[in-house]
Amino acid sequence: MTSAQVQIPAFVGGEKKNLIGGRWVPAASGETIDAINPATGAPIATIAASGPADVDAAVAAARAAFEGEWSRWTPHERRKLILRVHDVLLDNFEELATIETLDMGAPLARTRGLKEWTSQVLQFYAGQTALAGSATPAQNSLPGDFLSLKYLAPVGVVGGVIPWNGPLIGLWWIFGPALATGCTAVLKPAEDASLSVLRVAELMQEAGVPDGVINVVTGYGAQAGAALAEHPGVDRIAFTGSVGTAQSIVRASAGNLKRLQLELGGKSPDIVFADADLDKAVPGAAMGVFTNTGQVCVAGTRILVERSIHDEFVARLGEFTKTVRVGDGLDPQSQLGPLISQRQLERVRKYIEIGSGEARLVAGGERIGGDKSAGFYIEPTVFANAHNDMVIAREEIFGPVATVIPFDTHDEAIAIANDTPYGLAGGLWTQNLGTAHKASQALHAGTIWVNCYGVLDPSIGFGGTKQSGYGWKGGREHVEGYLYPKAVYLNLD
Ligand code: NAD
């Protein structure tokens, strides 16, 4: 099947609006932003360019819903609702995958693959609804006869801000725990990729999510995002994005001391020890960088290779890289799509230029189709013989650029791996159990993969340390972040 045979959903096109209190409304200013298909550079719809007035309205709707009927829903009712959302979404997943591909470029092979993941994530949150409102009798040492209970209560209105690299994944880290706990949410998707989030919100309405429980306000970060971060009616901000934006959100949140969850960037190490099975390590480490055209927070962009196998590894990595097929995401043959935008393309090309002056270019490096191309395509790129103080080893590029760094001893590998301001993830390729255990303990990062890269179970979750942020997405800890403990003392005398 060629890309021309993929059915373009009727949803794609026209003017998309915000969802506020169950109604679809344009930005108060009437302004819009073009949604661009990165495969062609062409506009495919417009989204609302929202500002403080729209955020105000959405937060008011979320507050009213939080304090209204929704607060009396039982855990069982919330569980049934999440499972209805699950069913409606899965029934419409081909449409959602196509919208995501058109809006942010990832190939259908990837976006269709999110169906199973979406099913797992929603079932996980459906299984967590009994936590909110649960009470544990706690022993006390008070004089007299007291019963003391510790409750877990929903924090209230949650503001979500997510990036463009995987909206169909990112939105569940806000809506999932909000629905599970009885919180309400206002989500601001990225200006470069909002369409799939808007369609999911429509489908959630269809599944019966009450008005105001979930709200979506699109627009630029500096306007809509910043307004949400500083809004006094928001109790918690769940942010995924860059370190710089996180720093401004921390400052903006000070007014009402919002709770924060910050999931940020990385420059993750992927260490290949001399005893690794290279048949697995070469493609595994390569796709650990190139997946989603390198626009992945956990990408293992620093590949640390033991010197005795360095040259062989680099040669095989270069060969593998040349076989990776880049093209329009609608083409089922494409393994990688374009970068998200012209701006991102320029950013990645700037890093490739810097890398060419610092290290040895082994593969890639060129814009596909040259400057005449309308799409934002770049070749997957490998630099070798690098060292850790080069710009391409220190800064997050967020493109398909691998930097290979040789090491001599295991201690040196760990020291290089940890020599970064980030702490999101790391990979290890070894057949030695002792090496795997010792290195996983020694790495400062929220997730370590051994002989694999990038797998994620929503019931376990992930998060970062150092400048990769704080908080945890998925797992029970995530749900607990949407709750606060409340002690109740009952005098029984
Ligand atoms: P970004 O920080 O520029 O934008 C992310 C979101 O924040 C967007 O919705 C944007 O509109 C909004 N925003 C921008 N300025 C804002 C402001 N002043 N106040 C409030 N919101 C604002 O990030 P990006 O470049 O779009 O995304 C890529 C970054 O996200 C990378 O650093 C990547 O590693 C990170 N990321 C992290 C994770 C994770 O879970 N750790 C997952 C995906 C992406």
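View 1. Ala, Val, Leu, Ile, Met, Phe, Trp, Tyr, Cys and Pro count as nonpolar, Asp, Glu, Lys and Arg as charged, and the others, Gly among them, as polar. The model is predicted: local features need pLDDT of at least 70, side-chain atom pairs count only at pLDDT 80 or more, and totals for chains, interfaces and linings use all residues. Residues are numbered from 1 along each chain as its sequence is written, and side-chain values use heavy atoms, without hydrogens and water. Pro269, Tyr422, Ala425, His444 and Ala445 lie nearest the cavity centre, out of 15 lining residues. A cavity is a set of points, on a 1 Å grid over the protein atoms alone, where a 1.4 Å probe fits but cannot get out; lining residues have an atom within 4 Å of a point. Helix H14 (410–418) and strand E17 (425–429) each give the lining at least two residues. Helices (H or I, at least four residues) and strands (E, at least two) are DSSP runs, numbered from the N terminus.

**View 2. The ligand sits among 28 residues.** Lys188, Glu191, Ser242, Leu264 and Glu396 come nearest. A residue is near if one of its heavy atoms lies within 4 Å. The shell holds 14 nonpolar, 9 polar and 5 charged residues. Helix H8 (221–230), strand E10 (236–240) and helix H9 (243–252) each supply at least two of the shell residues. Domain 1 (3–264 + 468–489) and domain 2 (269–456) each contribute at least three. These bounds come from an automatic or database domain assignment.

View 3. For a backbone N or O atom of Gly221, the distance to a ligand oxygen is 3.2 Å. The protein buries 86% of the 850 Å² that the ligand exposes when taken alone. Such areas come from the Shrake-Rupley method with a 1.4 Å probe.

Methods. Polar contact = N/O pair within 3.5 Å; in protein donor to acceptor, adjacent residues only side chain to side chain. 1 Å grid on protein atoms, 1.4 Å probe; cavity = no way out; pocket = protein on both sides within 12 Å on 5 of 7 lines; lining within 4 Å.
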